[in-house]
Amino acid sequence: MKISYNWLKQFIKIDLKSEETAAILTDLGLEVEIVEKYQSIPGGLEGIVVGHVLSCEKHPDADRLKITKVDLGDGTPVQIVCGASNVDAGQKVPVATIGTKLFDKDGVVFEIKKGKIRGQESHGMICAEDELGLGTSHDGIMVLDEKLKPGTPCAKVFNIENDEVFEIGLTPNRADAMSHYGVARDLRASFLQKNPNIELISPSVSTFRIDKRTLKIDVDVKDSKLAPRYCGVTISGITVKKSPEWLQNRLKAIGLTPKNNIVDVTNYILHDLGQPLHAFDASKVNGKIIVKTATAGAKFTTLDDVERTLHEEDLMICDEKGPLCIAGVFGGKNSGVTETTNAIFLESAYFNPVSVRKSAKRHGLNTDASFRFERGIDPSITEFALKRAALLIKEIAGGEITSDIVDIYPKKIEDFAVFLSFDKTAKLIGQELPKETIKKILASLDIKINSISDAGLGLTIPSYRVDVQREVDVIEEILRVYGYNNIQFTKKINATVANSPRTEDYKVQNIVSSQLNSFGFHEMMANSLTTIDYIALSDDLKEEFTVSMLNPLSNDLAVMRQSMLFSGLEAVSYNINRRKGDLKLFEFGKTYHKLPSGYDEPKHLTLFVTGNSNAESWANQQKPSDFFLFKSYVLALLNRLGLQKTKNIPTENDVFGEGIAIAYGNDTLVEFGTIKKSILKHFDIKQEVFYADFNWNLVLKLIGGKIKFTDIPKYPEVRRDLALLVDTNVSFDSLYAIARQSEKSLLKDINLFDVYEGKNLPEGKKSYALSFVLQDNSKTLTDEQIDKILNKLQKNFENELGASLR
């Protein structure tokens, strides 16, 4: 947001340097990012003086050039070669002296230097108006008032506007400061702490009068929730033309291009008081003004000549034939002010911020008006701003006010009531401020004190401070005006040691993160906001469970995520598109679900692996990541957390092409596998992606058990191997479960170390080579015991699975 220093001084009389004012504004929370100089004429006509042409003769070697003698007021006339046809002796003309810098139409600087033109010396340049930036004409040199004295700086002759402009990085909550008046109001609050005589100068509208009642336009507000206040008045007999220089300079200083006097006044009031206005050509209003929501699918052409399809929630300003304007956002092409307009209906309103924001985002429009409406303007100045604009229009465009002011305000927007505790103020600030200082600051912020007690103050917050509705907000206001830099702090360092259990969430996350880092994983963080389009990619996601934003930034960030998969795939796709195809990523985060019983926010840990498992090297051949490598990462995490009494179960999640789940009891602990190609195609991913989703809340619940310690076994373990011929549909899990059931005490470990399918095996068969580790913690096992266990295992394999020794 740009603020003109000259404009600001209309509201508050200060004589500080711009750097000092910028520092104060920054301390107040209105961070000044840069201060730029502005001149209504580029260069400020510096070096341009009034010259008196003493003589003018034809150039001896050029038909179109003339040699002049010009008095510049210093007693020594100079010779200037001029090509203008209208230059003549006796004229007073603008002269660019040696060293002067001029700007061409593209803003390129060129310097006037002493030179020779066709053999004749030239010590300056007699200028046309376009060469000085005073106009567009290049028909000849400018001829000035003959009463001017030679040597008079032209900057004084043409009243050049010199200004300084603050570029303020305005935070979205400071809707009250989106105008010069609002910034001046904040400055006054700061200055009042030291100078109680400083005043905020409000523009007067005491001269507002109704001249005639000859053009009445009725207003019918159909939806007072979306348009809580609506004001309007008609002005007739106006002349649409260029604005006066002062108004043009004000707008140009803050980066606006003047249009005509009517539009310029509405823009001026918007940046002056923060109240957006809109002027309708009264001759194009059919019947009365109707404020209502649009008909879904209706077409409407805006001022930028774009035809837009209206939504049923768009609030429109209409007449009896159709829409004229998208309320608070953009005007219509067919009702705007033109050069032929001689009467207007001037609108000043307060529209629902959420409604305006939705319409602006829906149509991809971001105007100065919508910027203010959607953040919340001051509903109390709606009529005042209308009167101020009407008086300005009469001043610069002529005309008469030809109707009473329409002010439809069925339910007044009340100020906010807040109780401020002195104790809480001291705790949050970290220092106890004198009560009188607190009262003084509150008064400077237009916050009324209704009641005073030993405990605190009963306050009324003005309605224009939409960001101050809680006690903590009031304390923040006190602190920023008092000055963050004025808060004392102790030189003593205090430290607090908190005793938290080892199963605290952040501690477990650190353990897991370290483990994953050692595997080559990188942690990522994705936005919890996403698009509703992803729901169509999985049957497990339901639209009725979606948590939607009331005021989304865009359609791509309209809902809270129900799954962490798609935001992760966005990151995978982004990296692959930048030639980073070997990825190992993990994320801790939440998903969000709207259930009949309320809202649910379960926490997850997700893993993503794609591409090669190792970096390219002369010593190691690259190998693609596969399912079993990915499974080892998952199992390693569970082992690290002590979650070993688990079982494999089929996964019912339809995002997996192939996958399994690991359960603890009846609860699913983690699901993992390869993502379906149809989902990968949506993200333009052409390589295999492995994905795991841990139920982190269940993980934290299960790791809370006590740690058990056992002695290192004193007696040796024994390994025996069996090569079994089994049906191809028999899984290792089946063999594992039978072995565990067959021998529960002495069988310590079971491992599958070879799988063979192919030649020399019966059709429908495969070979599994299993190793069994046996150990007795009380004595050394005998061959007889070992053989007995192996025979039992073999027999059970044969009986239950039809397995045979190979």
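In this predicted model, strand β1 pairs with strand β12 (residues 162-168) in the antiparallel sense, over 3 bridges. Within this pairing, K2 finds its bridge partner in E167 of β12. The two strands belong to an open sheet of 3 strands, ordered β1-β12-β2, with antiparallel pairing. The edges are held by β1 (2-4) and β2 (32-39), each of which pairs on one side only. On average, neighbouring strands of the sheet are turned by 25° against each other, direction ignored. Helix α2 (residues 18-27) packs on this sheet and touches β2 and β12, its direction making about 20° with that of β12.

Leaving aside residues up to four places away in sequence, T100 touches E46, G47 and I48, together with F110, E111 and I112.

Turning to charged pairs, the model contains 37 salt bridges. One of them joins D220 to K288, with the closest N and O atoms 3.7 Å apart. K288 is partly exposed, at 29% relative accessibility.

Another salt bridge connects D305 with K333, and here the closest N and O atoms are 2.7 Å apart. Both residues lie in loops: D305 sits between β17 (299-301) and β18 (307-309), and K333 between β21 (330-331) and β22 (343-350), so the pair ties together parts 28 residues apart in sequence. K333 counts as partly exposed, with a relative accessibility of 42%.

What of the salt bridge between E477 and R465? The side chains of this pair meet at 2.7 Å, N to O. E477 belongs to helix α13 (residues 471-482), while R465 lies in the loop between β27 (456-461) and α13; the two are 12 residues apart, and the pair links distant parts of the chain. E477 is buried, with a relative accessible area of 4%, and R465 counts as buried at 4% relative accessibility. Both residues take part in one network, in which salt bridges that share partners join R174, D176, D186, R465, D467, E477 and R480.

Technical notes: Residues are numbered from 1 along each chain as its sequence is written. This is a predicted model: local features need pLDDT of at least 70, side-chain atom pairs count only at pLDDT 80 or more; totals for chains, interfaces and linings use all residues. Side-chain values use heavy atoms; hydrogens and water are left out. Two strands pair if DSSP finds at least two bridges between them. Helices (H or I, at least four residues) and strands (E, at least two) are DSSP runs, numbered from the N terminus. Axes are lines fitted to C-alpha atoms, for helices over the stretch in contact, and angles run from 0 to 180 degrees between N-to-C directions. Contact means heavy atoms within 4.5 Å. A salt bridge is a side-chain nitrogen of Lys or Arg within 4 Å of a carboxyl oxygen of Asp or Glu. Buried means under 20% relative accessible area, exposed over 50%, partly exposed in between (1.4 Å probe, protein chains only).
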